[in-house]
Amino acid sequence: MRKSFIALLMGLIVSLLLSGTAVASGSARPVPTGKAALTKNPIYTTGEFDFTECKELSRQPDDVDSYKIYLDHLMDCLNLSWGEEFKQAGLPFAKPKVRYITTAAKTGCGKYPAGYAAGMYCSLDKTMWILIYKHQLADPSEMDLFDTIAHEYGHYVQDRIGIMPTVEKMSRRASKAAQYAWVRRLELQAACFSGAFVGSVWHSLGRDQFDWDDLLDRTSGDVLHGKAKNIRYWSMRGWNGNGPGVCNTFSAPASKVA
Ligand SMILES: [Zn+2]
């Protein structure tokens, strides 16, 4: 989730060589490119998520299969919610690939940075990688995996709607500081997308507000993900907005994406 920058950066550089022109199929509009993809993306016009029910399936301690079923069900919820947003935006949608791992697997973006990354979206293999850690396996009521999968899904969305490819292009000849700033806008937007999804289905989860507050309280920032207070700001903004329309980090002032 928040700690996915190493692979993301690698992805930024290498995928430049591989990405072709994104063309919409059917009646969908072309995927936007250039600055408009970042600041005037049609995904910002879709309003709140329409599907607001998502049950969390029960998990058993140290039972990886039950965790995979739990995560697959969350993926179904994410596909429904985001698929509808894409439709409303007139953008072509497809479900992402996802891999659940328990050790540092080899990904299309290199070896998974275990111990550092909670999750990772690799734009080269177009796959969401979710590492289920031992401490998460021991605690079937934990909520970090929920946030992680919603956050990585957010990166997949960015890739499909022209945001990630545009940032890759713009970072190509940028200074290191400018590259970091681009990555922060990506990461904070993914935090907002995650907050928006989690908030939209919250009432159906049967969880205590404490779970969400605790998750935000434990947030720590860094140069590529933003200051903790900005991560909280964008997470809450998404949560309160219930949809991607409030997540335009690319039009936000520098202080909000520091
Ligand atoms: Zn991220």
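Visitor: How many bridges join S1 to strand S5?

Guide: Five bridges join S1 to S5, the strand of residues 127–131, and these two strands run parallel. One of the residues to look for is Lys97, whose bridge partner in S5 is Thr127.

Visitor: Turning to the aromatic rings, how many aromatic pairs are there?

Guide: Ring pairs are judged by the distance between ring centres, which must lie within 6.5 Å, and by the angle between the planes, where under 30 degrees counts as stacked and over 60 as edge-to-face. The count by this rule comes to eleven aromatic pairs. Trp212 and Trp239 form a stacked pair, with 4.5 Å from centre to centre and 20° between the planes. This pair links distant parts of the chain, since Trp212 belongs to helix H8 (residues 209–217) and Trp239 to helix H9 (residues 228–241), 27 residues apart.

Visitor: Are Trp212 and Trp239 buried or exposed?

Guide: The cut-off for buried is under 20% relative accessible area. Trp212 counts as buried at 1% relative accessibility, and Trp239 counts as buried at 12%.

Visitor: Why is the pair of Tyr233 and Trp234 edge-to-face?

Guide: The planes of the two rings stand at 85° and their centres are 5.1 Å apart, so the pair of Tyr233 and Trp234 is edge-to-face. Tyr233 is partly exposed, with a relative accessible area of 29%, whereas Trp234 counts as buried at 2% relative accessibility.

Visitor: Which residues do ring pairs link into a cluster?

Guide: The cluster consists of Phe49, Trp82, Phe146, Phe193 and Phe197, linked by ring pairs.

Visitor: What can be said of Ser81, and in which helix is it found?

Guide: Ser81 is found in helix H3, which spans residues 64–89, and is buried with a relative accessible area of 2%. Once its neighbours within four places in sequence are left aside, Ser81 is in contact with Phe49, Phe51 and Phe197. The C-alpha atoms of Ser81 and Glu53 are separated by 9.6 Å, the two residues being 28 apart along the chain.

Visitor: Over which ring does the charged end of Arg59 sit?

Guide: The charged end of Arg59 sits over the ring of Tyr67, 4.9 Å from its centre. Arg59 also lies over the face of Tyr70, at 3.6 Å from the ring centre.

Visitor: What is the mean pLDDT of the chain, and over which residues does pLDDT stay under 50?

Guide: The mean pLDDT of the chain is 91, and 90% of its residues reach 70 or more. The value stays under 50 over residues 1–7, for which the model has 36 contacts beyond four places in sequence. Over residues 10–25 the pLDDT is below 50 as well, and this stretch has 20 contacts in the model beyond near neighbours in sequence. Where pLDDT is low, the predicted coordinates should not be read in detail.

Notes: Residues numbered from 1 in each chain as written. Predicted model: local features only at pLDDT ≥ 70, side-chain atom pairs only at ≥ 80, totals over all residues. Heavy atoms only, no water. Pairing = 2+ DSSP bridges. Helix = DSSP H or I, 4+ residues; strand = E, 2+ residues; numbered from the N terminus. Phe/Tyr/Trp six-rings, centres within 6.5 Å; stacked < 30°, edge-to-face > 60°. Buried < 20%, exposed > 50% of the residue type's maximum accessible area, 1.4 Å probe, protein only. Lys NZ or Arg CZ within 6 Å of the ring centre and 35° of its normal. Contact = heavy atoms within 4.5 Å. pLDDT = per-residue confidence, 0-100.
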